[in-house]
Amino acid sequence: IQKVLYEKVPARINKLSLITAIFSAAALVFFVVLVRLAPQHHSIELATLTDQINVKWADSGMNIRNGDRLWTNHVPLRLEQGIVKIQYDDGVEVLIESPAKFTIERSGMYFEYGKLFSHVPQSGLGFRVETPNARFIDQGTDFGVQADNTGSAELHVFKGKVQLFAGSGTNAKSSQMLAENKAVRYDADTGITETVPIRTEAFVRSIDSSANL
């Protein structure tokens, strides 16, 4: 019986594998920290579609019935045909005429284009309609907004007051408080806000699908 001695060969470390392992571990740690610290944007249901007439949505698979709840952080809704009535939980009522594209938001509505009429009671003070180039903040009113594909928009105040901020995002170029029976148009191309005649007949203020009125 003879004792055999084996020579110890030092293990060789693959530098590429080591670097890959280090970066993978760092990426995993970064992802865990990001998930824990990033703000959570949960959807909230805060409005109900209460009535509609002759409605056709751009998404053929969309079927929103009377009484269905509407959520924030949802994909934009594109109304190709008809009129819908939406009631927020705080009592705000909004009628939207096609064609229109809009998104339900926590503090109001993002209105890309189309025509809407809004009735805001005391419980809904501060309701906001935002278009690509203007913001309208309600002070307890009945008002209408018409937003064009060009980014221009009109505001018609039928009752109460509305604060207008002209300009995109937080970079408002001007602001003014508009009283009842007044109307203005903001031109996105020129950046000019000018007074226009109020059009009381231009906005649908009520619908009744049971009578088709």
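I began with E1 (residues 45-57) and E3 (residues 77-88), which pair in the antiparallel sense over 8 bridges. Strands here are DSSP runs of E, at least two residues long, numbered from the N terminus, and two of them pair if DSSP finds at least two bridges between them. This is a predicted model, where local features need pLDDT of at least 70, side-chain atom pairs count only at pLDDT 80 or more, and totals for chains, interfaces and linings use all residues. Residues are numbered from 1 along each chain as its sequence is written, and side-chain values use heavy atoms, leaving out hydrogens and water.

I then followed valine 84 in E3: it is the bridge partner of glutamine 52, and its partner in E4 is isoleucine 96. E3 and E4 (residues 93-105) run antiparallel, joined by 8 bridges. In their hairpin, with 4 residues between the strands, I found glycine 91 at a positive phi near 100 degrees.

**Into the core**

Which residues touch the most other members of the largest nonpolar core? I got Tyr88, Ile96, Met109 and Leu155, out of 36 residues. A nonpolar core is a set of buried Ala, Val, Leu, Ile, Met, Phe, Trp, Tyr and Cys residues joined through side-chain atoms within 4.5 Å. A second, separate core has 8 residues, including Ile83 and Phe117.

Key:
Buried < 20%, exposed > 50% of the residue type's maximum accessible area, 1.4 Å probe, protein only.
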